[in-house]
Amino acid sequence: MNKSLKMILVLTIITIISGSILSYWDSFTKPIINEYKSNKLDKLILEILPEHNSIEELKLGEYNLYIGKLDEKIVGIAFKVEGSGYQDIISMIVGVTPDFSKITALKILSQKETPGLGTKIVEDPSNKNPSWFTEQFKDVKVEPEIIYVKNAKPSKDNEIQAITGATISSKSVVNILNTNIGKVKKMYNEK
Amino acid sequence: MSQKKVTLFQEFLKGIWKENPILVSLLGLCPTLAVTVSAENGLAMGLASTFVVISSSVFVSILRKIIPSQVRIASFIVIIATFVTIADRFLAAYYPEISSSLGPFIPLIIVNCMILGRQEAFASKNNIGRSFLDAFGVGIGFTVVLVLLGGVREILGSGTLFGVEVMWNSFHPWAVMILPPGAFLALGLIIGASNWLNELGEKK
């Protein structure tokens, strides 16, 4: 057989077989991956909203708001915010009081910060409470803006403590919150 | 083959110590240095690479007489990429936490020269049984070093091993160990130690 023909034939057959195996494998794993992703979002939203018995979804521009209600009274609002971190996008779910004045809870959805340093925004294995960073956002005042302090305990009600060695990651989280919460508040009030 | 006979068992063993991909050949250092911030990451990376190197070696060995030598590298890469994607999707579906912490380094196994090296140097010239044993040994050797390196960095850098606290309370983690310099330091010392052990063995 002609040499070039054989080369083309063999490579084509290998890639076709490879493609078919992968598309089959993808059809098998994709539902599981997607289910995990949407479960994670649902679970975080349930955790973030204060005690509620119904959730109303509201689309505002690029944001999807999840409004938690307890007997028709709004008890809290949760939404996804994103922005650049140290290396890649940090995406998180933030819960705020109905008047957008205070944060009720914060959870990181995905991030690609420096392993062992920036990843402490999610989990800090060196601390007794590994999720101390996100937990300190509870009851932090959003206005005029959230401020981070270094190497000290926060003294004011709009301050949080930055992670030692991961100031940029800490700062990114604060910046993302400051820019997005204000935007959502404005849109929500104009609605 | 004109070379002296190598027993099947030696074929398996050589990848673990004598021709260890990391300690001796210094192959596949990119994932080695990048993902070993913890023993768990090292183990996951090692097992994923072992799966890929074994499956690719077996397939390359089966197809070694059909693939024309001009397109062999392209064919190897396609075969490797297929198994890497299978491993990547498997981790994303069943071990999403590990998958997100290894990030882009699972897909990057495709260009791990340790794996391509086995196809070119061994599987494309040997029968299926030997290729399987060779890949298995190399995979184990790779995994052991990754876990060792990840373990050392995790203990010194975070004070934990496989996520469990192992250091005393007042121990202050050395942040440098989980950063890139720590990877080079720890790997250099581990390679030095293995060379020292080899020399000791020769003197006897």
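Guide: Here is a quick tour, taken one topic at a time.

Visitor: What kind of model is it?

Guide: It is a predicted model. Its scores are ipTM 0.75 and pTM 0.72.

Visitor: And what is the average pLDDT of chain B?

Guide: Chain B averages 86. In that chain, 97% of the residues score at least 70.

Visitor: How many residues are in contact between chain A and chain B?

Guide: On the chain A side there are 24, and they meet 27 residues of chain B.

Visitor: Which part of chain A gives the largest share of that side?

Guide: Helix α1 of chain A, residues 3-48. It supplies 16 residues.

Visitor: What classes of residue are on that side of chain A?

Guide: There are 13 nonpolar residues, seven polar ones and four charged ones.

Visitor: Let's switch to chain B. At what angle do helix α3 and helix α6 of chain B pack?

Guide: The angle is about 30°, and the axes are 10 Å apart. Here α3(B) covers residues 39-63 and α6(B) covers residues 113-123.

Visitor: Roughly parallel or oblique?

Guide: Angles under 35 degrees count as roughly parallel. So α3(B) and α6(B) are roughly parallel to each other.

Visitor: Is the crossing of α3(B) and α6(B) right-handed or left-handed?

Guide: Right-handed.

Visitor: Which residues make the contact?

Guide: From α3(B), the list includes Val52(B), Val53(B) and Val60(B), along with serines such as Ser49(B) and Ser56(B). From α6(B) come Ile115(B), Arg118(B), Gln119(B) and Ala123(B). By class, this contact has five nonpolar, five polar and one charged residues.

Visitor: How about α7(B) and α8(B), at what angle do they cross?

Guide: At roughly 125°, with axes that come within 10 Å. Helix α7(B) is residues 128-158, and α8(B) is residues 180-203. That angle makes α7(B) oblique to α8(B). This crossing is right-handed.

Visitor: Which residues meet there, in α7(B) and α8(B)?

Guide: In α7(B), they are Leu148(B), Leu149(B), Val152(B), Arg153(B) and Gly157(B). In α8(B), they are Gly182(B), Ala183(B), Ala186(B), Leu187(B) and Ile190(B). The class count is seven nonpolar, two polar and one charged.

Visitor: Last one, back in chain A. Where is Ile168(A) found?

Guide: Ile168(A) is in helix α3 of chain A, residues 167-190.

Visitor: Why does Ile168(A) count as partly exposed?

Guide: Because Ile168(A) has 17 C-beta neighbours inside 10 Å. A residue needs 20 or more to be buried, and 12 or fewer to be exposed.

Visitor: What separates the C-alpha atoms of Ile168(A) and Phe133(A)?

Guide: A distance of 14 Å. Along the chain, Ile168(A) and Phe133(A) are 35 residues apart.

Notes
Residues are numbered from 1 along each chain as its sequence is written. Chains are lettered from A and ligands numbered from 1 in the order in which they are written. This is a predicted model: local features need pLDDT of at least 70, side-chain atom pairs count only at pLDDT 80 or more; totals for chains, interfaces and linings use all residues. Two residues are in contact if their C-beta atoms, placed from the backbone, lie within 7 Å. Helices (H or I, at least four residues) and strands (E, at least two) are DSSP runs, numbered from the N terminus. Ala, Val, Leu, Ile, Met, Phe, Trp, Tyr, Cys and Pro count as nonpolar, Asp, Glu, Lys and Arg as charged, and the others, Gly among them, as polar. Axes are lines fitted to C-alpha atoms, for helices over the stretch in contact, and angles run from 0 to 180 degrees between N-to-C directions. Angles under 35 degrees count as roughly parallel, over 145 as roughly antiparallel, 65 to 115 as roughly perpendicular and the rest as oblique. A crossing is left-handed if the near helix is turned anticlockwise from the far one by less than a right angle, and right-handed if clockwise. pLDDT is the predictor's confidence in each residue, from 0 to 100.
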